[in-house]
Structure formats: C-alpha cells, structure tokens
Amino acid sequence: MTTTPAAPSALATTRGDRTPAWAALGGHYEAHGRAFDLREAFARDPGRVAALSFEAPEVFADLSKNLVDIATLHFLAELARESGVEALRDAMFAGAPINSTENRAVLHTALRAPPGEAPFSAQVHAVLEAMLEFAETARARADAAPPARLRHVVNIGIGGSDLGPQMAVRALAAFAHPGLTFHFVANVDGDDIASVLARVAPDETLFLIASKTFTTQETLANAATAKAWFLANGGTRIDEHFVAATSNVDAAARFGITRTFGFWDWVGGRYSLWSAIGLPIAIAIGAARFRELLAGAHAMDRHFAQAPIEANLPLLLGLVDVWYRNFHRFASRCIAPYAQSLQRLPAYLQQLEMESNGKRVDRNGAALPFATSPVVWGEPGTNAQHAYFQMLHQGSDVVPVEFILVREASASAGGDEGVAEALARQHRMLLANGLAQAQALMAGRVAAEPHRSFPGNRPSTTLLLERLEPRSLGALIALYEHRVFTSGAVWGIDSFDQWGVELGKGLGNALLARLEAATDAPALATIDPSTAALLARIRGG
Ligand code: F6P
C-alpha cells in the first residue's frame, strides 16, 4: 500500500515568462546575447574557462564554449529563483504530487536514496533487495552446467521499460557477466521478437516482461508471442523463465507470471531504470555494481538538492537550455557521446527530454507563448562526424552540441601488449576527435573560398567523465533528469505526464479492429479520406 504525501497548499512557482528576470534576460539578450562572439569572449577574459567550468559528482563540465558569460548565468540564476525552481525541486524530493495532471508524486530520487533517507524507503528497499537477490541467482545460473545453465536474457518492454535498461546494459558492457547475452525487444513489428527467438533456446533463456502498466500493446503482444514460442518449443516452466517488472501485479499474474518485482505510480516510465525495470542491468552487472549505479545517481541528487544555483550543474545546464530555446531560439540540441558504449544514450535522452518537456500548455492548461522542448538527437562520435557534422559546422542553423568524453579507455581485447597499446592509441584518437570538433565549431575558419569557410561561434558543452562505470553512469543520467526538470520548471509545465501519446494509441486500436474486420465498408465512411484510402489499399480493397 503506498500513500502519497499531501500536496503543499500551492506550489510556490511562477511561470518563467511572468518573472522580472525573464524580461531582464530579454534585455541582456538584445544587449549582449544576439551578437555574442565566443572568440572575442575568450580574448576578453583570460579567466573564462575557470569561471565557466563546474564540478559535480563524477562529472566535470566545461561550459565555456557556450554563448554565455558570468552575467548571463547570474540573470539565469535569478530566473530560476523567481520561477521557484528550488521550491518545486524541494517539493519533488519531499514527495508532493508535483505531477499535477495525474496527481502523483515524482520520486525516482527515492529509488536511489540510502535506507531511511527518502519517502517510501521501506518498500523501495524491500523490492531492491528481492530484485538484487534474484539477479545474483540468475548470474549464478549463468555459471551452472546445462541444463540449468542460463545464457540469454530477453527484456520485453518499450519506452522507459526498454530505453533505460538497454542504454545502461550497453554502456556497462565492460562490467557484464561474460556468459550472458542481453536482448531488448520493443517494437510491435514481429521482426523484432522473431529475430531474437531465432537465436535463443527455451531452457537457457529468461524473459523479463517490463511494463509499468502491463497494458502496453507492444509489450503484451511480444510477451504473448514469446510465451507461445516457449511452449511450442518444449518449454514448460513459465514460472521459471518469465519474470515481470510492473506496478500491475494482477495483470502479470493473469498472464501466468508468478514472480513479479513491483514499483509504484510515483515512478515515471522514463525515470524507471532505478526500479525493478532495472532488473536486466542488475543481472548484467550484479548487485554490488547496481548499488554503485544508484549511489552515483544519489550523489547527483544531493548535489542538485543542495548546491547553490550558481554551482549547481543540472540547474545551470537546464537554464542554459532555456537561454538557447527561448532567447536564441535554437530548435534542437545534438548529443555526441564520444564513447561507443553510450550509443543508446541519445535515444534514451530523446524520451527523457521530449516526452517530459514536449508540451504546449502550462500546468494550469494555459497555452504557452514560448517554445519548450528542443529536438534532441545524436549518435556517437566519431561516426557522427562522417554523417551530419557537416551541417553542424556549415549549415544554416545553429545547433548546440553536447560532447561527452571519457578520460580513461575501457575497451579491451585478447592479445598481447601490442593490441593493448593499439586500443590505447585509438582512445587517444577518440578524445582528440571530440576536442577537435568542439574547437572547430567554436573557432571556425576564414578561407578565401566561401565553401571552405567555417563561421565558428557555434556553441558546445563538454561533459567529461573520468571513466565509464556504474557510479559515473548513474550520476550522468541523474544529471540529465534534473536538467530536464529545471527547464520544465521554468516553463511551468508538468514534466511528468505524457498525454500526447494517448490519441494515437486509441486511433491505432480502432484501425486495428478495422484491419481485422471481415468488411470495412461502413467504417471507411467515418474516417478521413486519406486514412480511409490507405486502409482500403492495405486491406487490398
Ligand atoms: O506511451 C508512452 C509510455 O507510456 C511511456 O511513458 C512509457 O515509458 C512507455 O509507454 C511504456 O509503458 P509501460 O511501461 O507501462 O509498458
């Protein structure tokens, strides 16, 4: 039984555009922002790098290649104060129902807090212990002899029940149990599940059905197909080979799953990798390292909760996002992790940021007179350099880029010292490339021929991790979560609902019924001509 702490009588927040600081920022933009030149700023201020470099747990951030100076950050900090970002943050940590359109608390931070330090601690730690014990048992089975041996873990889930665990398992591959292969199935396209089923055998496979609601069409369809395949290929023990992570234990039981790890309505799907949804991560890296992941996130939570605005990295990054979106009017941001193992980070961040802040009304339902979530996109460097960096350097739009660098290499392969040195050199090449791209974007180049000229003055942020390991990954993800919180708080929107996914879901169900009906003649008349024509063509009518 969970109870939600009472709401504060009113959230002490003011929509950003209604604060004096917003108007002051507008003036600052006209006076110093519009014509800001990074090259001049560096020449003017030898202390710029030091003044715009920030330390947060596990993450060093160089903001000096952004179109800001200390004065801009002061104006932005004032905007945060006047908007009540800190009050909303404190309300979140305290468990107030700040997800106002769903009247829910927002407590993913409680999932990584030490015992007794956050709301619902007893329930959180009971599930955590049970889940980590199960993870260790699964890892032990990977070391067992056949037929007990476990070789494959198949996570079936979508959105937050896929992207977080998938991103983290991939990011932490260097720490994963070597005897286990992890598969992530999300798409309702049967090709996704079929291609995995073709590579696994029932007796050596564990299926994790991950769905907060246990009502999601894609996940239920894939789970049903997996179950049918399992039974048709000699599998008998659904109870041993199917496990669920869900807040809807009854629905999982109806599916035939007896072992369920629960979580709660105050964990948003895109904030759920710290909960039972993180089970594949725990199986991959083991209980101790999963705790390190949580500890890294918790360290960032404390930084976000306690550091003054001017030194608070998630807050500053969220405020710079507002500066770019609403004053410079940049429409997108590019994520460039210079780490192949972070290849799913951009996809993960797309859901985190765009599902959270892709809203056009404030929490009271009033239409917003300004833009909200940018388009977030990206690919790992250096691959991205050979695809779309052309546009970043010379295209007509300015796109702030986020470089994520990892100082120490983690790649290893069998062989001798020569192989190790070759890999070490590749890591130096990787870092040099990341640094060079940020430098080129900022510095630009004047050439006689226009098509060889680079305008420069293109902003970027560099986030530097010492090494990619559970603790630093936890801190990095929490940094992004709180940054998204910050811009959403300034914009006055509910960053924790996702009503925008509902309309298409409903229409999809109705169209499925039409695709499956014997005849669609009467129904065709009731939908728009374009969809009706496509439907008729697909039906072969
Ligand atoms: O459709 C959007 C969404 O609700 C996401 O917010 C969520 O992460 C995803 O679907 C999956 O939901 P569930 O975990 O309930 O299957």
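How many nonpolar, polar and charged residues does the lining of the largest pocket have? By class, there are 10 nonpolar, 18 polar and 9 charged residues in that lining. Here Ala, Val, Leu, Ile, Met, Phe, Trp, Tyr, Cys and Pro count as nonpolar, Asp, Glu, Lys and Arg as charged, and the others, Gly among them, as polar.

Before we go on, please keep in mind that this is a predicted model, in which local features need pLDDT of at least 70, side-chain atom pairs count only at pLDDT 80 or more, and totals for chains, interfaces and linings use all residues. Residues are numbered from 1 along each chain as its sequence is written, and side-chain values use heavy atoms, with hydrogens and water left out.

**The largest pocket and its ligand**

The largest pocket is the space taken by the ligand. A pocket is an open set of points on a 1 Å grid over the protein atoms alone, where a 1.4 Å probe fits, with protein on both sides within 12 Å along at least five of seven lines; lining residues have an atom within 4 Å of a point. A molecule sits in a pocket if more than half of its atoms lie within 2 Å of the grid points.

The volume of the largest pocket is about 990 Å³, a volume being the space filled by probe spheres set on the points, which are joined across faces, edges and corners. Its lining is made of 37 residues, and Thr213, Thr216, Gln498, Val501 and Lys505 lie nearest the centre. Helices α9 (217-232), α15 (345-357) and α19 (502-516) each give at least two residues to this lining, with the largest share, 5 residues, coming from α19. Helices (H or I, at least four residues) and strands (E, at least two) are DSSP runs, numbered from the N terminus.

Around the ligand there are 14 residues, of which Gly160, Ser161, Ser211, Thr213 and Thr216 come nearest; a residue is near if one of its heavy atoms lies within 4 Å. This shell divides into 2 nonpolar, 9 polar and 3 charged residues.

The table gives polar contacts, that is, pairs of N or O atoms within 3.5 Å; within protein, one must be able to donate a hydrogen and the other to accept it, and residues adjacent in sequence count only if both atoms are side-chain atoms.

| Side chain | Distance to a ligand oxygen atom |
|---|---|
| Thr213 | 2.6 Å |
| Gln351 | 3.2 Å |
| Lys505 | 3.4 Å |

On its own, the ligand has 400 Å² of accessible area, and the protein covers 88% of that. Accessible areas come from the Shrake-Rupley method with a 1.4 Å probe; for residues, only the protein chains shown count as cover.

**The second largest pocket**

The second largest pocket holds about 450 Å³ of space. It is lined by 23 residues, and Ala339, Gln340, Ser410, Ala411 and Leu430 are the closest to its centre. Two or more lining residues come from each of α7 (163-171) and α17 (417-443), and α17 gives the largest share, 4 residues. By class, this lining has 13 nonpolar, 8 polar and 2 charged residues.

**Backbone details**

Pro146 and Pro147 are joined by a cis peptide bond with omega about 5°, and Pro147 is in the loop between α6 (121-143) and β3 (152-156). The bond from Gly381 to Thr382 is also cis, with omega near 10°; Thr382 belongs to the loop between β9 (375-378) and α16 (389-394).
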